[in-house]
Amino acid sequence: RGRNETAIADLVAFLAASGLRIGEALPLTWDAVNIGEGLVNVKREKRGVNPWVAITPELENQLRDMQTRRSETGWLFPSPLDATKHRERRPVNRRIRAACNELGLPLVTPHGLRSYYVTQCRQSGLTDSEIAMLIGDKTGAAIIAHTYGDLRDDHLLAQARRVRHAITPTGNALYQRLTN
């Protein structure tokens with residue numbers, strides 16, 4: 001945003017907050033957004049399931065901010081060359097790659113933003129089956145564990161610190177045998 005790349009920044013934030021594939025996000029119009037019901041209606045790729053995205057508070061803030069720059073043609077992500085069309089995938093990928101290079105960041109891809117969303121869902125306590133439904137993947141929980149199996153180190157460390165051992169000093173025969 002600081003480099004006047006608001007449209008790309010909007011798309012990156014939207015992808016990270018929605019879990020959509022780039023091909024599902026780019027053709028969206030404002031008619032698909034229903035902030036009142038908390039849903040964005042989506043046409044899924046790859047014969048996907050669940051034709052909506054839940055609008056979280058973060059996504060709602062993003063959408064409201066985007067509304068202030070809303071195109072009259074109705075696209076969420078209008079083409080910079082022809083506002084009657086939505087933005088194309090390849091130039092977006094190039095722009096994201098260039099931004100990562102300019103900022104000295106590791107490469108972020110649109111699919112990596114989908115992975116980020118899945119990681120956020122897992123760390124928020126959703127099951128892999130629930131996440132698969134939310135991202136519209138009919139393959140189910142197996143793909144979440146196999147393809148999107150990441151947890152960040154800070155989350156894993158916090159989870160490990162929640163572990164409590166059942167051995168207590170009083171009234172536990174095992175504890176008494178181990179300490180005598």
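Modeller: Helices are DSSP runs of H or I with at least four residues, strands are runs of E with at least two, and both are numbered from the N terminus. We are looking at a predicted model, in which local features need pLDDT of at least 70, side-chain atom pairs count only at pLDDT 80 or more, and totals for chains, interfaces and linings use all residues. Residues are numbered from 1 along each chain as its sequence is written, and side-chain values use heavy atoms, with hydrogens and water left out.

Colleague: Is Gln62 buried or exposed?

Modeller: Buried means under 20% relative accessible area, exposed over 50% and partly exposed in between, with a 1.4 Å probe and protein chains only. The relative accessibility of Gln62 is 10%, so the residue counts as buried.

Colleague: Which side chain makes a polar contact with the side chain of Gln62?

Modeller: Contact means heavy atoms within 4.5 Å, and beyond four places in sequence Gln62 touches Arg1, Asp10, Ala13 and Phe14. A polar contact is a pair of N or O atoms within 3.5 Å; within protein, one must be able to donate a hydrogen and the other to accept it, and residues adjacent in sequence count only if both atoms are side-chain atoms. At 3.1 Å, the partner side chain is that of Asp10.

Colleague: Now the helices: at what angle do H1 and H4 pack?

Modeller: Axes are lines fitted to C-alpha atoms, for helices over the stretch in contact, and angles run from 0 to 180 degrees between N-to-C directions. Angles under 35 degrees count as roughly parallel, over 145 as roughly antiparallel, 65 to 115 as roughly perpendicular and the rest as oblique. H1 (residues 6–18) and H4 (residues 89–103) are therefore roughly perpendicular to each other. Their axes are 11 Å apart, and the packing angle is about 95 degrees.

Colleague: Which residues in H4 do Ile8, Leu11 and Val12 in H1 meet?

Modeller: Five residues of this contact are nonpolar, none is polar and one is charged. On the H4 side, the residues are Val92, Arg95 and Ile96.

Colleague: How far apart in space are Ile22 and Pro110, C-alpha to C-alpha?

Modeller: Ile22 sits in helix H2 and is buried, with a relative accessible area of 8%. Its contacts beyond four places in sequence include Leu11, Val92 and Pro110. Ile22 and Pro110 are 88 residues apart in sequence, yet their C-alpha separation in space is 6.1 Å.

Colleague: And at what distance does the side chain of Arg44 reach the backbone oxygen of Ile135?

Modeller: Arg44 lies in the loop between S2 (39–41) and S3 (52–54), and at 10% relative accessibility it counts as buried. Its side chain reaches the backbone oxygen of Trp52 at 3.1 Å. For the backbone oxygen of Ile135, the distance is 3.0 Å.

Colleague: Last one: what is the phi of Asn50?

Modeller: Asn50 is also found in the loop between S2 and S3. Most residues other than glycine have a negative phi. Asn50 is not a glycine, yet its phi is positive, at about 60 degrees.

Key
Ala, Val, Leu, Ile, Met, Phe, Trp, Tyr, Cys and Pro count as nonpolar, Asp, Glu, Lys and Arg as charged, and the others, Gly among them, as polar.
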